[in-house]
Amino acid sequence: MFDSYEQFRADSGWEFGYELLGIRPGDDFNACDLILDRHCQAPAKTALISRTYQGERHEFSFEDMREGAARVASVLEAMGVQRGDRVFVLLEPLPQLFDAIMGTIRLGAIAGPIFAAFGAEAIRDRLQDSGARVLITAAHHLPKVREALQDLPTVEQVLVLGSATLQAGERSLSQLLEGASAEFQPYATAADDPMLLHYSSGTTGKPKGILHAHRAIVGHAITTKVVLDLRPDDIYWCTADPGWVTGTSYGIFGPWANHVTQVAYLGGFMAEKWYEVIEQERVTVWYTSPTALRLLMREGVAVARQRDLSSLRHICSVGEPLNPEVIRWAYEVFGLMVHDTWWQTETGCIQISNYPFMPIKPGSMGRPFAGTEAAVLDCERLEPLRPNQEGLLALRPGWPSMFKTYWANPDAYEAKFRNGWYLTGDRAYMDEEGYFWFVARDDDVINTSGHLLGPFELESVLLQHPAIVEAAAFGVPAEDAGEVAIAYVVLRRDQETGKELLRELRTLIRRQVGSHAVPREIVVTDHLPRTRSGKIMRRVIRARHLGLPTGDLSALEE
Ligand code: PRX
């Protein structure tokens, strides 16, 4: 495609994303039309291979997916859902999940994916903040959905796949779809109209809704082609769940924008099964995470050697720092270098990356995409620093898949832009050759297995337990997950500590937030350090927990 990074910078850019989609900058379009309908005119091709853990397997053409989306759009329209309304989707990665998201977008409404493993409170937070009118889910999720929806009148309808005894406000989506028309035409949205709302955690408060417009697919299309290197004959597998942004940008939009067949696997992580997917589907391009690769590494080379993995030709990774030893191990097992990519829910698509046409420096996130201006800024003056100096990673705003805003939180959005830069919230440095190296997050957010978890989310659930009066959560390094959460709690005076209480706290977090959020350790203490203004100093607790220097304690009130 390109001979060098320099040639790529000179000859490419976001404008090629428009060209790929058959449109021009300034054109209006509906993302569903461009990624599904556009390909239905071509000879039939498989869009989705759906596999389950039990080995069930189904293939769906682009026309099948177009029809599925059109049926969902018909159902939603008949219920009175309008352009701009929020329709949330709580489903595992089955074809119906793709139909629900694409059908919502087809109608001009805003799709809100929720990770199916989330607990009641995490579900409720998202539905409440977004003012969602409809939730699409499956019968087996109804118990936690009903708990989440108590006293939440904005959600007018719950559409349920599968059979269940339904209550008021719940309807069978399976039945509604049977009579629904597949002729529903994509709504004529403007490129800047909203289409997708993903929630992501910050240090303070509940998760924020990150709103993306139809124009985001311009960024998905071109980065998928250049970074993931997708070609027409590829079988592509993105292991991320569409409840997280990687699973939508690169598990729905990007590959379909490029008219490429993709695999959706329902079954969680298990080394033997993952290798089986690659072998049996003849996967050629694989987008995964450092945590998944570390777990495979732990299972050992022998497990990998039992399978023929020779179909693979390109591997990329995202979400957390990619350790050089993982790159070396993957090279031994797959004969391929893993290409690290860096981006965020807010950026919508890959911004800094390693490319097939550029040498990899293991441990580096790579170099900016053509069209991306990235810099490392001095923390006070917010001016670019010299190479090898650590500072704030920033991007010059204006790429096509940049988020529109934080839902109902314009102040938080404004605060991300300073001195002409978008501040990513990460710390990094750039070397003399222009490669970027991740240092740490610049906030207290915990990145566990590539999933962001806000300390506040954990703390507020812990405080729901009657025995707890204070709580602090923070992340510590962990070999398997990158980082794991640790919680410190202070008990009510008359409260006894013990195994039973710790078990209750873990169960509470699992039920309310999700199993990914359960702290690896819960420490009972009689006091948490605070600033004079009353803020809990997680940084100090973390340093003490790890036996590290606590740094400047002048603000501490103990
Ligand atoms: O801290 C960075 C980390 O994940 C954050 C973005 O998380 P999220 O919005 O959930 O999106 C994840 C998938 C796009 C970043 O601010 N992160 C992402 N990629 C990398 C990374 N940290 C180190 N190396 C990466 N390649």
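**Salt bridges, domains and buried loops**

Across this predicted model, the count comes to 39 salt bridges.

Biologist: Which residue forms a salt bridge with Asp125, and how far apart are the closest N and O atoms?

Modeller: Asp125 sits in helix α6, and its partner sits in the loop between β8 (194–200) and β9 (208–213), 81 residues apart. The pair therefore links distant parts of the chain. The partner is Lys206, and the closest N and O atoms are 3.3 Å apart.

Biologist: Is Asp125 buried or exposed?

Modeller: Buried means under 20% relative accessible area. Lys206, at 32%, counts as partly exposed. Asp125 has a relative accessible area of 15%, so Asp125 is buried.

Biologist: What separates Glu276 and Lys273 along helix α11?

Modeller: The side chains of Glu276 and Lys273 meet in a salt bridge, 4.0 Å from N to O. Glu276 is buried, and Lys273 is buried as well. Because the two are three residues apart in helix α11 (residues 271–281), what separates them is about one helical turn.

Biologist: Which residues are linked with Glu276 and Lys273 in a network of salt bridges?

Modeller: Glu276 and Lys273 already meet in a salt bridge with each other. The network of salt bridges that holds them also links Arg51, Arg57, Glu59, Glu279, Glu281 and Arg307.

Biologist: How many residues apart in sequence are Arg520 and Asp480?

Modeller: Arg520 forms a salt bridge with Asp480, with 3.0 Å between the closest N and O atoms. Arg520 lies in the loop between α17 (499–512) and β27 (521–525), while Asp480 lies in the loop between β25 (468–478) and β26 (482–491). Arg520 is partly exposed at 47% relative accessible area, and Asp480 is partly exposed at 23%. The pair ties together parts of the chain, so the separation asked for is 40 residues.

Biologist: What distance separates the centres of domain 1 and domain 2?

Modeller: The domain assignment gives domain 1 as 64–213 and domain 2 as 447–546. The contact takes 16 residues from domain 1 and 17 residues from domain 2. Taken over C-alpha atoms, the centres are separated by 31 Å.

Biologist: Which residues form the salt bridge between domain 1 and domain 2?

Modeller: The count between domain 1 and domain 2 is one salt bridge. Its closest N and O atoms are 3.0 Å apart, and the residues are Arg511 and Glu147.

Biologist: Which helix gives the largest share of the side of domain 1 that touches domain 2?

Modeller: Ten residue pairs are in polar contact between domain 1 and domain 2. The largest share of the domain 1 side is four residues, and they come from helix α6 (residues 120–130). By class, that side has five nonpolar, seven polar and four charged residues. The helix asked for is α6.

Biologist: Is Thr347 buried or exposed?

Modeller: Thr347 has its place in the loop between β14 (338–342) and β15 (352–353). Leaving out residues up to four places away in sequence, Thr347 touches His212, Trp342, Leu395, Trp399, Ser401, Met402 and Tyr422. At 0% relative accessibility, Thr347 counts as buried.

Biologist: What distance separates the C-alpha atoms of Pro242 and Glu92?

Modeller: Pro242 is found in the loop between β10 (235–238) and α10 (245–257), and at 3% relative accessibility Pro242 counts as buried. Beyond its neighbours within four places in sequence, Pro242 is in contact with residues including Pro93, Leu97 and Pro113. Pro242 and Glu92 are 150 residues apart along the chain, and their C-alpha atoms are separated by 8.4 Å.

Biologist: What is the phi of Asn388?

Modeller: Asn388 is found in the loop between β17 (374–377) and β18 (391–395). At 40% relative accessibility, Asn388 counts as partly exposed. Asn388 is not a glycine, yet its phi is positive, about 70°.

Biologist: Where is Arg282 found?

Modeller: Phi of Arg282 is near 55°, a positive value in a residue other than glycine. Arg282 is partly exposed, with a relative accessible area of 37%. Arg282 is found in the loop between α11 and β12 (285–288).

Methods
Residues are numbered from 1 along each chain as its sequence is written. This is a predicted model: local features need pLDDT of at least 70, side-chain atom pairs count only at pLDDT 80 or more; totals for chains, interfaces and linings use all residues. Side-chain values use heavy atoms; hydrogens and water are left out. Domain bounds come from an automatic or database domain assignment. Contact means heavy atoms within 4.5 Å. A polar contact is a pair of N or O atoms within 3.5 Å; within protein, one must be able to donate a hydrogen and the other to accept it, and residues adjacent in sequence count only if both atoms are side-chain atoms. Ala, Val, Leu, Ile, Met, Phe, Trp, Tyr, Cys and Pro count as nonpolar, Asp, Glu, Lys and Arg as charged, and the others, Gly among them, as polar. Buried means under 20% relative accessible area, exposed over 50%, partly exposed in between (1.4 Å probe, protein chains only).
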